[in-house]
Amino acid sequence: MANDVQLSVERIGGLGGFGLPGSHLKSRGQISASELSAEDMRKLEAYFEGKLPTNTAFNVADGFKYRITKKVGNDLKTIELPEALTPSAISGCVKDTLE
């Protein structure tokens, strides 16, 4: 993943239903790939290639997920990660708003 790639991040789910249809609570942010460690970039690129762990322990009832979108050329690629797999730099960029 190129360092100048911008990632749009949305936290969804949880007990409050952040970002789900009908929810007025939104958690969104943006971060440049250059702000991630080399290890986080490597993991994230693998996730975008579909190489997600099959361990279901990462899927927690009422847990948060992070919807991460990157622009590749004219295309957008989006993945959803459980909170346990989301790098802290990414989860830390979101801000809560009431809409």
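Predicted model: local features only at pLDDT ≥ 70, side-chain atom pairs only at ≥ 80, totals over all residues.
Residues are numbered from 1 along each chain as its sequence is written, and side-chain values use heavy atoms, with hydrogens and water left out.

Let me begin with helix H1, which covers residues 38–48; helices (H or I, at least four residues) and strands (E, at least two) are DSSP runs, numbered from the N terminus. Which residues of H1 are buried? They are Asp 40, Met 41, Leu 44, Glu 45, Ala 46, Tyr 47 and Phe 48, where buried means under 20% relative accessible area, exposed means over 50%, and partly exposed lies in between, using a 1.4 Å probe and protein chains only. As a general point, an α-helix has 3.6 residues a turn, so residues three or four places apart point the same way. The buried residues of H1 are covered by parts that include strand S1 (6–13), strand S3 (64–72), strand S4 (75–82) and helix H2 (88–91). Just after the helix comes Gly 50, which takes a positive phi of about 90°.

Now to the charged side chains. In general, side chains of opposite charge can pair when their charged atoms come close. A salt bridge here is a side-chain nitrogen of Lys or Arg within 4 Å of a carboxyl oxygen of Asp or Glu, and by this rule the count comes to six.

One of them joins Glu 10 and Arg 67, whose closest N and O atoms are 3.4 Å apart. This pair links distant parts of the chain, since Glu 10 is in strand S1 and Arg 67 in strand S3, 57 residues apart. Glu 10 is buried, at 18% relative accessible area, whereas Arg 67 is partly exposed, at 26%.

Arg 67 also meets Glu 80 in a salt bridge, with 3.0 Å from N to O. Because Arg 67 lies in strand S3 and Glu 80 in strand S4, the pair ties together parts that are 13 residues apart in sequence. Glu 80 is partly exposed, with a relative accessible area of 35%. Taken together, Glu 10, Arg 67 and Glu 80 are linked in a network of salt bridges.

Finally, Arg 11 and Asp 96 meet in a salt bridge of 2.6 Å, N to O. Here, too, distant parts of the chain are linked, with Arg 11 in strand S1 and Asp 96 in strand S5 (residues 95–98), 85 residues apart. Arg 11 counts as buried at 14% relative accessibility, and Asp 96 as partly exposed at 48%.

Methods:
Contact = heavy atoms within 4.5 Å.
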